[in-house]
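Here are some notes to go with the model. Have it open while you read.

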Amino acid sequence: MPPLTLRRKLAILSDAAKYDASCASSGTEKRNSAGKGGIGSTEGSGICHSYAPDGRCISLLKILLTNFCVYDCIYCVNRSSSNVQRARFSVEEVVGLTLDFYKRNYIEGLFLSSGIIRSPDYTMEELVRVARSLREDHQFAGYIHLKVIPNAAPELLAEAGRWADRLSTNIEMPTDIALETLAPEKRPSEIRTAMARVRGKLDEAAPEAKTKTRTAKPKWAPAGQSTQMIIGADGANDGAILNRAAGLYSGYKLRRVYYSAFSPIPDASSRLPLRPPPLMREHRLYQADWLIRFYGFDVPEIVAGGEDGLLDLAIDPKLAWALKHRERFPVDVNRADRDMLLRVPGLGTRSVDRIIATRRHHSLRLDDVARIAGSIDKVRPFIEALDWTPGGLTDHQRLRAKLTPAPEQLALF
């Protein structure tokens, strides 16, 4: 068989990486090579464009070092028994591609993952070599996201964080049972150990409280760590998924949990569903995730907005919770504390902060809230203002229908 061209390898290994959504350039430090020699920066918004199987732009150039893999995870298109064309980049080829693409303004960074070849240590060492070469040999200041290979040596993990902005270790499945069933060669404990090691290094690198003897510490993976869960490949409901996410946030200091709707793959096992879950489920999980991280909700509260452990797909989770807890409303925007204002549907964190800042100077009327929130339709039934009280609107039987977007007929042309 003739050797693959670089172009063909790129086609194979970028396509193989499209199922991994655990990538974003947000959160890292600002860095620019201008005037310092070298190449690249992390100051652009987003870093290039890559597409999920359903066509969504997830804004990152992503490639695998190789799609050869010794594991046979049932849900993975690159599993060892999969009948797909295989390819492998050399370290030098990945470095060259990254620099060439950057100079052409195609990308602003690199996301690099890999199938497992030979051993976790060997694979992780190859990933680290790419990042080290970019940073040391080419003074590349752009964004680098490396995938952590569970069970790789701690020394390799420590070096990966020296060069990469973000590290991610995919938890893969919402439950350990599902992972052990669908990926029998992977151990949930090894994944958690890798995440714990990253957290330990992040804690070591965190700046200490200000003291007279404060010294700067070397930066280590400044954009932190993230993970990804595949949803819809097993029977886990949204409650189980969000409980796992909440545990990961608190236990491993994750920046993000990404939820990736299962995509049917060629020659799939009969143990996998034939169809993907509705994409709206993935969207609602991201909204719920936001409520956990920034709005003070806990998982039971969010899940209680739906039925049988599943989120309500028709309306967002905060509105679903509010409609089931109408006794908590209306909220007086001139008196309520920040925590309660954050529970008002239609008010985001910025709107709430602006409301609190504005009411120090004068009492808010409904028009004031409308200007701050941008839209008042969803907010009106749940608040009181100087010149507004919702009366019976909060408890109206058709309130849900009034706030649910009307279905639209899609046009063919």
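Which element gives the largest share of the lining of the largest cavity? That would be α2, with 4 residues.

1. First, the ground rules. This is a predicted model, where local features need pLDDT of at least 70 and side-chain atom pairs count only at pLDDT 80 or more, while totals for chains, interfaces and linings use all residues. Residues are numbered from 1 along each chain as its sequence is written, and side-chain values use heavy atoms, with hydrogens and water left out.

2. The cavity. (On a 1 Å grid over the protein atoms alone, a cavity is a set of points where a 1.4 Å probe fits but cannot get out; a lining residue has an atom within 4 Å of a point. Points are joined across faces, edges and corners, and the volume is the space filled by probe spheres set on them.) Around the largest cavity you'll find L10, L61, I63, V94, L97, T98, F101 and L110. By class that is 7 nonpolar, 1 polar and no charged residues. (Nonpolar covers Ala, Val, Leu, Ile, Met, Phe, Trp, Tyr, Cys and Pro; charged covers Asp, Glu, Lys and Arg; the others, Gly among them, are polar.)

3. The helix pair. Helices α1 (residues 6–16) and α2 (residues 91–103) pack at about 90°, axes 12 Å apart. That makes α1 roughly perpendicular to α2 (65 to 115 degrees). Axes are lines fitted to C-alpha atoms, for helices over the stretch in contact, and angles run from 0 to 180 degrees between N-to-C directions. Helices (H or I, at least four residues) and strands (E, at least two) are DSSP runs, numbered from the N terminus. L6, K9 and L10 of α1 meet E93, L97 and F101 of α2, where contact means heavy atoms within 4.5 Å. That contact has 4 nonpolar, no polar and 2 charged residues.

4. The sheet. An open sheet of 6 strands runs β1-β2-β3-β4-β5-β6, with parallel pairing; strands pair if DSSP finds at least two bridges between them. β1 (62–64) and β6 (256–261) are at the edges with a single partner strand each, so one side of each has no neighbour in the sheet. Twist averages 25° from one strand to the next.

5. Inside the sheet. Strands β2 (residues 109–113) and β3 (residues 143–147) are joined by 4 bridges, and L110 has I144 as its bridge partner in β3. Helix α3 (residues 120–137) packs on the sheet, touching β2 and β3.

Conventions. Angles under 35 degrees count as roughly parallel, over 145 as roughly antiparallel, 65 to 115 as roughly perpendicular and the rest as oblique. On a 1 Å grid over the protein atoms alone, a cavity is a set of points where a 1.4 Å probe fits but cannot get out, and a pocket is an open set with protein on both sides within 12 Å along at least five of seven lines; lining residues have an atom within 4 Å of a point.
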